[in-house]
Amino acid sequence: MRFILPLGLIATTLAVAPVHFDREKVLRVKPQDEKQANIIKDLAKTNQLDFWYPDAIHHVAVNMTVDFRVSEKESQFIQSTLDQNKMHYEILIHDLQEEIEKQFDVKEDIPGRHSYAKYNNWDKIVAWTEKMVHKHPKMVSRIKIGTTIEDNPLYVLKIGKRDKRRKAIFMDCGIHAREWISPAFCQWFVYQVTKTYGKNKIMTKLLDQMNFYVLPVFNVDGYIWSWTRNRMWRKNRSKNQNSKCIGTDLNRNFNVSWNSFPNTRNPCADTYQGPEPESEKETKAVSDFIRSHLKSIKAYITFHSYSQMLLFPYGYTSKLPRKHENLAKVAKISTDVLATRYETRYIYGPIASTIYPTSGSSLDWVYNLGIKHTFAFELRDKGKFGFLLPESLIKPTCKETLLAVKFIAKYILKHTS
């Protein structure tokens, strides 16, 4: 059985056949000591391991849960190496291709109508942005903040009144192409905000007094590639000088502690930082937009997957930001509020100690710019499906996340000047 692409995409993919992942596995290992951690690192040097969590080999540490994808050809050798070294491991996914196909487990409600219970490709998302502006002309406007390397538009939806002086929150989704639940949340958020305005007391108050800027897909080219060629693609699609490897990790390309981690300098790595800060058109467009709206933007929220965490600065240092107690308090209450819906448990804390150290991230850059309330959601799940969260879990994920975002927005409205 093969991964079936939506009809509209077939024509564009004939030139390059999509990557298939038949019988590829995702393994989970928890190294118990330094020796076991080094065995995983050594395996990664000689085999093609795609790290799902953490996102790169250099983060692997003792007692850390490590999830990685391995080809059918190499899985036998890797499993026997783990067995020989008495390393306990779990097979999270036995056949990746099967899981990719099983992701699409929700039937289209009404053909032609935008579905919030399904994953939508880029063409559908663009059509949806037009529809939202047309349907709510007094509340929603679409701003083109730039274009990608492949000349796709970067659209931000502004939700709220036209007054520029109002407080605003900037939200982005889909900075990493394969994290499909992230753009699904941004669509759900815009839909719910516009649908419940005038009906829901909290939402009405929020929109009467503040604006939201929502970037539904940050990494448009990578997102398209993940639909048409390679479901596991993470980076953007820019060409790298003196390398056949394509793409930069947009969340390592911001001008904050850039180039401080040697492991992000390889263009073939999934976490490649790019040749210089803001070298990528997408990063530059978002940075310019935030800089030009610095007076009004009081909070920044970015959405990733997976691991069920709510993170705040810093990623590039273990030093805690000023007033970190305040960020921790907001994060704690947000995760508590999120859990009230389906009892989904999130952990929270600074990036470096809660997930793993990062440099050049949007979160740290925005925080250092002066926006003191910055958060990153790592949405569902904890690894059973990883990046392949089934469509049947989109709505529950979005509903619980919305509760947390509403709390953050209420807090920003009340506690920022």
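**Exercise 1. Determine how many residue pairs are in polar contact between domain 1 and domain 2, and describe the side of domain 1 that touches domain 2.**

Solution. Between domain 1 and domain 2 there are 11 residue pairs in polar contact, both residues at pLDDT 80 or more. A polar contact is a pair of N or O atoms within 3.5 Å; within protein, one must be able to donate a hydrogen and the other to accept it, and residues adjacent in sequence count only if both atoms are side-chain atoms. The value pLDDT is the predictor's confidence in each residue, from 0 to 100.

Next, consider the elements. Strand S2 (50–53), strand S3 (66–70), strand S4 (89–93) and helix H4 (96–102) each give two or more residues to this side of domain 1. Helices (H or I, at least four residues) and strands (E, at least two) are DSSP runs, numbered from the N terminus. The most comes from S2, with four residues.

Finally, the classes on this side of domain 1 are 10 nonpolar, three polar and six charged residues. Here Ala, Val, Leu, Ile, Met, Phe, Trp, Tyr, Cys and Pro count as nonpolar, Asp, Glu, Lys and Arg as charged, and the others, Gly among them, as polar.

The model is predicted: local features need pLDDT of at least 70, side-chain atom pairs count only at pLDDT 80 or more, and totals for chains, interfaces and linings use all residues. Residues are numbered from 1 along each chain as its sequence is written, and side-chain values use heavy atoms, with hydrogens and water left out.

**Exercise 2. State what area domain 1 and domain 2 bury between them.**

Solution. Begin with the bounds: domain 1 covers 25–103 and domain 2 covers 122–415, as given by an automatic or database domain assignment. Their centres, taken over C-alpha atoms, are separated by 28 Å. The contact (heavy atoms within 4.5 Å) takes 19 residues from domain 1 and 26 residues from domain 2.

The two domains bury about 1,800 Å² between them, 55% of it on carbon and sulfur atoms. Buried area is the accessible area (1.4 Å probe) that two parts lose on being put together, summed over both. Trp52, Asp55 and Gln103 supply 39% of the area that domain 1 buries against domain 2, more than any other three residues.

**Exercise 3. Find the salt bridges formed by arginine 252 and arginine 178.**

Solution. A salt bridge is a side-chain nitrogen of Lys or Arg within 4 Å of a carboxyl oxygen of Asp or Glu. The structure holds 19 salt bridges, and three are counted between domain 1 and domain 2. Arginine 252 pairs with aspartate 55, with the closest N and O atoms 2.5 Å apart. Arginine 178 pairs with aspartate 50 at 3.1 Å between the closest N and O atoms. This second pair links distant parts of the chain, 128 residues apart: arginine 178 lies in the loop between strand S7 (167–173) and helix H6 (181–196), and aspartate 50 lies in strand S2.

**Exercise 4. Identify where pLDDT stays under 50.**

Solution. The mean pLDDT of the chain is 93, and 96% of its residues reach 70 or more. Over residues 7–14, however, pLDDT stays under 50. Where pLDDT is low, the predicted coordinates should not be read in detail.
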